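Subject: A structure for you to explore

Hi there,

Here is the structure I promised to hand over. Please open it beside this email, and then read on for what was found in it.

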Amino acid sequence: MIWIIGNRGMLGQELAEQLAARGIANVGSDREVSILDPEALRHFAQGVQKDTPIKAIVNCAAYTAVDRAEDEAELAHALNAEGPGNIAELARSVGARFLHISTDYVFSGAASQPYREDDPIGPTGVYGRTKAEGETRVREACPDAVIIRTAWLYGKYGPNFVATMLRLMRERTELGVVADQRGTPTWARDLALAIIAALTAPEWKPGIYHYTNEGETTWYEFACEIYAQGRARSLLPHEVTIRALTTDQYPTKAKRPAYSVLSKEKIKRTFGLEIPYWKASLKQYVGSDPIS
Ligand SMILES: NC(=O)c1ccc[n+]([C@@H]2O[C@H](COP(=O)([O-])OP(=O)(O)OC[C@H]3O[C@@H](n4cnc5c(N)ncnc54)[C@H](OP(=O)(O)O)[C@@H]3O)[C@@H](O)[C@H]2O)c1
């Protein structure tokens, strides 16, 4: 039995759907079994274990509002650092494998070549710092955990950049998008498949891994591709001018990494994964009618 924590979030729902499609038994919990309440977690685990042993726990719960985190540092710390620590302790005590999700925001963004798993971290905001501490707590409490860092996530089950762009492109005739931050979009479905590959590998391979789609781009180029694919699918009724902005022209409360491309060599090598190019996955997502 796989237990998905945060099963009503964007990634959690996608993972539940993909596990079910493969006939892999799973249960889920979200806010009603708070990751801040070790007793509630234990109680839920005991309920499941009465029938079937929990083979693995996947934590998709998090505080993900990057800008709001600057004003809600305590809550972000609780959900991104303490919560994962609680789950890791529980996983160890019930003998379940633990797979935790982290982020490219643990890096400073000063690099100019893809970040590897063992590169030094240097988060620049509350969200990144609390996620980095979450990684540390997970590894301390559960040294056998798998941690997958991902980035620029979108999917049908949550608010995300692609859905927002498609909406704005229907509402406006012009919009500006930041063109000096580089990274790689990641379709939540592809990430869910990578998680399943790690969960079902013949051998459990603890450690930190990076997963995004292949290739790299900027938010501006990403928006242009969303526009091209939205127009090709007749999802966008009129022409839109997309202007390239600098980060200075689009100030946000939290500082974003200028460069957060992640190297996927380790996860590809370890689990024999073939990772789709970001434009190919975007095409499939847009083709699935994401704004209906
Ligand atoms: N989204 C991205 O672009 C992105 C990029 C890099 C990494 N990540 C990481 O990927 C993972 C999944 O992200 P996501 O976008 O799928 O997140 P999400 O949609 O925000 O889902 C998080 C889920 O956790 C729930 N939750 C909140 N507080 C909880 C609590 N105390 N106990 C249990 N559950 C609680 C949330 O409920 P409410 O909705 O009611 O709060 C929500 O259902 C996270 O670890 C995130 O840091 C995301």
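Which polar backbone atom is 3.3 Å from an oxygen atom of the ligand? The one in I101. That is a polar contact, meaning a pair of N or O atoms within 3.5 Å; within protein, one must be able to donate a hydrogen and the other to accept it, and residues adjacent in sequence count only if both atoms are side-chain atoms. Across the ligand as a whole, the protein covers 81% of the 900 Å² of accessible area that the ligand has on its own (Shrake-Rupley method, 1.4 Å probe; for residues, only the protein chains shown count as cover).

Before going further, a word on where this comes from: the model is predicted, so local features need pLDDT of at least 70 and side-chain atom pairs pLDDT 80 or more, while totals for chains, interfaces and linings use all residues. Residues are numbered from 1 along each chain as its sequence is written, and side-chain values use heavy atoms, leaving out hydrogens and water.

**Around the ligand**

The ligand has 22 residues around it, and the closest are L11, D30, R31, Y127 and K131 (a residue is near if one of its heavy atoms lies within 4 Å). A backbone N or O atom of M10 lies 2.9 Å from a ligand oxygen, and a side-chain N or O atom of S34 is 3.0 Å from a ligand nitrogen. Strand β4 gives the most to this shell, with three residues.

Helices (H or I, at least four residues) and strands (E, at least two) are DSSP runs, numbered from the N terminus. In β4 (residues 97–103), six of the seven residues are buried, that is, under 20% relative accessible area, with exposed over 50% and partly exposed in between (1.4 Å probe, protein chains only).

Strands pair if DSSP finds at least two bridges between them. β3 (residues 56–59) runs parallel to β4, joined by four bridges, and I57 stands opposite F98. β4 also pairs in the parallel sense with β5 (residues 146–150), over five bridges; there, I147 is the bridge partner of H100.

Enjoy exploring!
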